[in-house]
Amino acid sequence: MGPYEFKATWHGPDGDVPVTLIIDTNTKFFDRAGREIRNGSLKQAVSVKETFDSIEIEQPR
């Protein structure tokens, strides 16, 4: 489950710069009947659906 982080290279006019690419996601858990679990009790979860939310690019520190 997200967020996912990857090392990447930004190809800019001043040359290549190492960056971290972060892909943020939204995660929903579902019970055996296919109902979304909203009360935080994930013991009944039998499936997960993860969808794209956003992308971040962090400069090197």
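Thr25 lies in strand S2, which spans residues 15-30; helices (H or I, at least four residues) and strands (E, at least two) are DSSP runs numbered from the N terminus. This is a predicted model, in which local features need pLDDT of at least 70, side-chain atom pairs count only at pLDDT 80 or more, and totals for chains, interfaces and linings use all residues. Residues are numbered from 1 along each chain as its sequence is written, and side-chain values use heavy atoms, with hydrogens and water left out.

**Confidence**

- The protein has a mean pLDDT of 94, and 100% of its residues reach 70 or more; pLDDT is the predictor's confidence in each residue, from 0 to 100.

**Surroundings of Thr25**

- The side chains of Thr25 and Glu50 are joined by a polar contact of 2.8 Å (a pair of N or O atoms within 3.5 Å; within protein, one must be able to donate a hydrogen and the other to accept it, and residues adjacent in sequence count only if both atoms are side-chain atoms).
- The Thr25 side chain also reaches the backbone nitrogen of Gly2, at 3.4 Å.
- Neighbours within four places in sequence aside, Thr25 is in contact (heavy atoms within 4.5 Å) with Gly2, Tyr4, Glu50, Thr51 and Asp53.

**Salt bridges**

- There are two salt bridges in the structure, each defined as a side-chain nitrogen of Lys or Arg within 4 Å of a carboxyl oxygen of Asp or Glu.
- Arg35 pairs with Asp31 at 3.3 Å, N to O.
- Arg35 counts as exposed because its relative accessibility is 54%, whereas Asp31, at 15%, is buried (buried is under 20% relative accessible area, exposed over 50%, partly exposed in between; 1.4 Å probe, protein chains only).
- Arg38 pairs with Glu36 at 3.2 Å, N to O.
- Arg38 is exposed at 72% relative accessible area, and Glu36 is partly exposed at 28%.

**Nonpolar surface patch**

- Trp10, Val17, Phe52, Ile55 and Ile57 make a nonpolar surface patch of about 510 Å².
- Patches are made of residues with over 30% relative accessible area and no salt bridge; like charges are joined within 9 Å, and nonpolar side chains (Val, Leu, Ile, Met, Phe, Trp, Tyr) within 5 Å.
- Areas come from the Shrake-Rupley method with a 1.4 Å probe, and for residues only the protein chains shown count as cover.
- Strand S3 (residues 47-58) supplies the largest share of the patch, three residues.
- Ile57 is located in strand S3 and counts as partly exposed, with 47% relative accessibility.
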